[in-house]
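User: I have a model open here. Can you walk me through it?

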Amino acid sequence: MSASPFPYRILIVEDEPSLRELGTMLLVAQGYEVRGAEDGFEGLAALKQSLPDIIISDLQMPNMNGFEFLSVVRRRFPTIRVIVISGEFSGLSVPQSVLADAFFPKGGYNAKELFQKIIDLLHELPTRPKIGKPSHAAVWVKNDRGTIAVTCSECLRTFPVTSVTKGVNETECDFCSSTVRFEIIGEHKAFKVPENLVSPAG
Ligand SMILES: [Zn+2]
């Protein structure tokens with residue numbers, strides 16, 4: 001149990017209900033206050049209500065996936081620690097320096113390791129030398145998605161864009177007129193981008 005009267009808060013973003021519930025149950029038993037979200041959109045909605053200390057996120061999710069979600073989180077809430085749990089990568093060739101503070105392959109870790117990582121991240125000094133704040137959010141586009149939507153890292157609202165170019169794009173947020181910079185890092189029917197998932201920092 002947590003010694004603090006104010007438990008640390010954890011947000012779990014995972015589209016598979018059984019995994020979300022299992023994670024919630026295990027972490028509540030450790031004394032954390034846990035919220036669940038089933039995709040990136042729900043995750044952003046949860047962030048608007050209260051900020052967690054730690055986010056645990058899947059990568060492949062419908063609607064807004066983890067790549068998009070975390071790149072917005074990194075830009076807008078750079079102090080929140082992020083753990084990615086995903087079946088997407090087999091090795092450690094994950095762009096963890098940009099997307100996350102820690103990575104666990106789905107099914108390739110045990111609860112004790114996760115608990116220890118959470119404790120380590122919570123005790124880290126406020127400065128995290130390895131984590132940069134990306135200058136723009138990455139957008140992961142799948143072939144089955146007809147339109148490209150970007151999420152404003154200021155107001156956290158999502159709007160469609162009609163034309164994109166390879167590399168970093170700049171557009172004005174439909175809602176708050178902030179400048180939104182983004183880069184397509186997935187596949188789009190107009191072009192194919194190499195499998196480089198890293199949204200360049202700085
Ligand atoms: Zn905006």
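User: At the start of H3, which backbone nitrogen does a side-chain oxygen of Asn65 reach?
Analyst: That of Phe67, to within 2.9 Å. A polar contact is a pair of N or O atoms within 3.5 Å; within protein, one must be able to donate a hydrogen and the other to accept it, and residues adjacent in sequence count only if both atoms are side-chain atoms. Helices (H or I, at least four residues) and strands (E, at least two) are DSSP runs, numbered from the N terminus.

User: What should I know about the source?
Analyst: This is a predicted model: local features need pLDDT of at least 70, side-chain atom pairs count only at pLDDT 80 or more, and totals for chains, interfaces and linings use all residues. Residues are numbered from 1 along each chain as its sequence is written, and side-chain values use heavy atoms, with hydrogens and water left out.

User: Back to H3. How many of its residues are buried?
Analyst: 9 of the 11 in helix H3 (residues 66–76). Among them are Phe67, Phe69, Leu70 and Arg74. Buried means under 20% relative accessible area, exposed over 50%, partly exposed in between (1.4 Å probe, protein chains only).

User: Which residue forms a salt bridge with Arg74?
Analyst: Asp101, with the closest N and O atoms 3.0 Å apart. Asp101 lies in the loop between helix H4 (96–99) and E5 and Arg74 in H3, so the pair ties together parts 27 residues apart in sequence. Arg74 has a relative accessible area of 1%; Asp101 is at 15% and also counts as buried.

User: How many salt bridges does the count come to?
Analyst: 4. The rule is a side-chain nitrogen of Lys or Arg within 4 Å of a carboxyl oxygen of Asp or Glu. Lys106 and Asp58 meet in one of them, at 3.1 Å, N to O. Lys106 is partly exposed at 35%, while Asp58 is buried at 3%.

User: New topic. What is the strand order in the open sheet?
Analyst: E2-E1-E3-E4-E5, with parallel pairing. Strands pair if DSSP finds at least two bridges between them. The edge strands are E2 (33–37) and E5 (102–105).

User: Last one. Which residues of strand E8 point to the buried face?
Analyst: Phe159 and Val161. Phe159 stands opposite Val150. Strands E7 (residues 148–151) and E8 run antiparallel, joined by 4 bridges.
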